[in-house]
Amino acid sequence: QVQLVESGGGLVQAGGSLRLSCVASRRTFGSGAMGWFRQGPGKEREFVAAVSWVGGTPYYADSVKGRFTISRDNTKNTVYLQMNSLKPEDTAVYYCASRLGATSRATGSYDYWGQGTQVTVSS
């Protein structure tokens, strides 16, 4: 079982930055991965970024590539999402999620989810 807690959301002006954090109670060595997803008003939950605990190769949605950076600190069981050059369309509740297998872009492939943290970008 894995417990996830996100933090770092808030209100920021367009062009600004935020860093989200997600602390996991435990992680899977060798095959586990973490992902960030978001759900804007009136929209379905969508993939943002993912990274494996071992190897650490990041993957990004096209909408955030070049602006967002996912990283992890294995000693702290923590995953981060650095968000730069924020746009109003980035406004959403951001969720972190974990799975036992490799990195995935599919919402349904993740086993555990955090409670979400609100990110609001004003114009």
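**First stop: a pair of strands**

Select β7 and β8, two antiparallel strands joined by 6 bridges. Strands are DSSP runs of E with at least two residues, numbered from the N terminus, and two strands count as paired if DSSP finds at least two bridges between them. This is a predicted model, in which local features need pLDDT of at least 70 and side-chain atom pairs count only at pLDDT 80 or more, while totals for chains, interfaces and linings use all residues. Residues are numbered from 1 along each chain as its sequence is written, and side-chain values use heavy atoms, with hydrogens and water left out.

Next, follow the connection between the two strands. β7 and β8 form a hairpin with 4 residues between them. Within the turn, Asn77 has a positive phi of about 50 degrees.

Keep Thr78 selected; its place is in strand β8. Is Thr78 buried or exposed? Thr78 has a relative accessible area of 6% and is therefore buried; the term buried means under 20% relative accessible area, exposed means over 50%, and partly exposed lies in between (1.4 Å probe, protein chains only). A polar atom of the Thr78 side chain lies 2.9 Å from the backbone oxygen of Lys76. Display the surroundings of Thr78: not counting residues up to four places away in sequence, Thr78 touches Ser21, Cys22, Val23, Trp53, Ser71, Arg72 and Asp73. Contact here means heavy atoms within 4.5 Å.

Move to Ser71, which is in strand β7. Ser71 counts as partly exposed, at 34% relative accessibility. Leaving aside neighbours within four places in sequence, Ser71 is in contact with Thr78, Val79 and Tyr80. For a distance check, pick the C-alpha atoms of Ser71 and Tyr112: these residues are 41 apart in sequence and 18 Å apart in space.

Inspect the individual pairings. β1 and β3 are antiparallel and share 4 bridges; Val5 stands opposite Val23 in β3. β3 is also joined to β8, in the antiparallel sense, by 6 bridges, and Ser21 has Tyr80 in β8 as its bridge partner. Of the 7 residues of β3, 5 are buried.

**Fourth stop: the disulfide**

Colour the cysteine sulfur atoms. A disulfide is a covalent bond between the sulfur atoms of two cysteines. A search of the whole structure finds 1 disulfide, defined as a pair of cysteine sulfur atoms within 2.5 Å. Cys22 and Cys96 form this link, with an S to S distance of 2.0 Å. The link is right-handed, with 55 degrees about the S-S bond. Cys22 lies in strand β3 and Cys96 in strand β9, so the pair ties together parts that are 74 residues apart in sequence. Both Cys22 and Cys96 are buried.

Show side chains for the largest nonpolar core, which has 32 residues. Such a core is a set of buried Ala, Val, Leu, Ile, Met, Phe, Trp, Tyr and Cys residues joined through side-chain atoms within 4.5 Å. Trp36, Val48, Phe68, Ile70, Leu81, Met83 and Tyr94 touch the most other members. Strands that each supply at least two residues include β4 (33-39), β5 (46-52) and β9 (92-99). The largest share, 5 residues, comes from β5. Centre the view on Val48: leaving aside neighbours within four places in sequence, its contacts include Trp36, Tyr59, Phe68, Leu81 and Tyr94.

**Last stop: Leu11**

Finally, select Leu11 in strand β2 (residues 10-13). Leu11 counts as exposed, at 66% relative accessibility. Not counting residues up to four places away in sequence, Leu11 touches Thr120 and Ser122.

Notes. A polar contact is a pair of N or O atoms within 3.5 Å; within protein, one must be able to donate a hydrogen and the other to accept it, and residues adjacent in sequence count only if both atoms are side-chain atoms.
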